[in-house]
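Let's take a walk through a protein chain together, one stop at a time. Have the sequence and the 3D view open as you read.

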Amino acid sequence: MSQYRSTDLPLSDCKFIDLPKIEDARGNLTFVEGMNHIPFDIKRVYYLYDVPGGSDRGAHAHKGLHQFMIAMSGSFDVVLDDGVNEKRFHLNRSYFGIYICPMMWRYLDNFSSGAVCMVMASAPYDEADYIRDYGEFREAVGVK
């Protein structure tokens, strides 16, 4: 029997989150606080940049990791899949992002020139937390 079920982790748990935006004539400021703006403590931050045109990133799921992605510059799409349903999110502003709960298959595509994707994660890197095979992912969430 599967450790996870797709009904335990609905795609609707993954959502856009608006961040505070302090507007000023000298330039705007936005900030993110773990367990305040996003539903986890931030343990790691990394970013993707210089992604060649037509390339995609991701194509995996995390067993327990929570993530929050922001387009710091440019734009890109995040496609999330719970094993049954798929939804595309377009990120193009630095004052909102997408929360991604565990056990969601994800890939990123449609990167604009100069796009920078910043990711905040709930834990340090752990290869054992990854599911890199889509068939294995579907089996883990109880989808045949």
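Before we start, one term: a residue counts as buried if its relative accessible area is under 20%, as exposed if over 50%, and as partly exposed in between. Keep in mind, too, that this is a predicted model. Now try the term out on Phe-89: its relative accessibility is 4%, so Phe-89 counts as buried. Phe-16, with a relative accessible area of 39%, is partly exposed.

In general, a pair of aromatic rings is described by the distance of the centres and the angle of the planes. For Phe-16 and Phe-89, the centres are 5.3 Å apart and the planes stand at 85 degrees, so we call the pair edge-to-face. Look at where the partners sit: Phe-16 is in strand 1 (residues 15–18) and Phe-89 is in strand 8, so to speak a link between distant parts of the chain, 73 residues apart. Ring pairs also bring in Tyr-95 and Phe-96, giving a cluster of Phe-16, Phe-89, Tyr-95 and Phe-96.

Now find Phe-40 and Tyr-99. Their ring centres are 6.3 Å apart with the planes at 35 degrees, so this pair is tilted. Here too, distant parts of the chain are linked: Phe-40 belongs to the loop between strand 3 (29–30) and strand 4 (44–49), while Tyr-99 belongs to strand 9, 59 residues away. Both Phe-40 and Tyr-99 are buried.

The largest nonpolar core has 30 residues, and the ones that touch the most other members are Phe-68, Met-69 and Val-78. Strand 6 (67–73), strand 7 (76–81), strand 8 (86–91), strand 9 (96–100) and strand 11 (116–121) each give two or more residues to this core. Click on Met-69 to see its surroundings: beyond its neighbours within four places in sequence, Met-69 is in contact with residues including Val-78, Leu-91, Ile-98, Leu-108 and Val-119. Apart from this core lies another one, of eight residues, including Ala-61, Phe-137, Val-141 and Val-143.

Which strands make up the open sheet of five, and in what order? The order is 8-7-10-5-12, and the pairing is antiparallel. Strand 8 and strand 12 (130–131) are at the edges; each has a single partner strand, so one side of each has no neighbour in the sheet. Strand 5 and strand 12 are joined by two bridges, and Ala-61 has Ile-131 in strand 12 as its bridge partner.

Stay in strand 5 (residues 57–62) and pick out His-60. Is His-60 buried or exposed? Its relative accessible area is 11%, so His-60 is buried. Leaving out residues up to four places away in sequence, His-60 touches Met-104, Trp-105, Arg-106, Tyr-130, Ile-131 and Arg-132. Met-104 is 44 residues away in sequence, yet the two C-alpha atoms are 8.1 Å apart in space. The side chain of His-60 also makes a polar contact with the side chain of His-62, at 3.2 Å.

Last stop: Ser-75, in the loop between strand 6 and strand 7. Ser-75 is buried, with a relative accessible area of 15%.

Technical notes. Residues are numbered from 1 along each chain as its sequence is written. This is a predicted model: local features need pLDDT of at least 70, side-chain atom pairs count only at pLDDT 80 or more; totals for chains, interfaces and linings use all residues. Side-chain values use heavy atoms; hydrogens and water are left out. Helices (H or I, at least four residues) and strands (E, at least two) are DSSP runs, numbered from the N terminus. Buried means under 20% relative accessible area, exposed over 50%, partly exposed in between (1.4 Å probe, protein chains only). Contact means heavy atoms within 4.5 Å. A polar contact is a pair of N or O atoms within 3.5 Å; within protein, one must be able to donate a hydrogen and the other to accept it, and residues adjacent in sequence count only if both atoms are side-chain atoms. A nonpolar core is a set of buried Ala, Val, Leu, Ile, Met, Phe, Trp, Tyr and Cys residues joined through side-chain atoms within 4.5 Å. Two strands pair if DSSP finds at least two bridges between them. Rings of Phe, Tyr and Trp (its six-membered ring) pair if their centres lie within 6.5 Å; planes under 30 degrees apart count as stacked, over 60 as edge-to-face and the rest as tilted.
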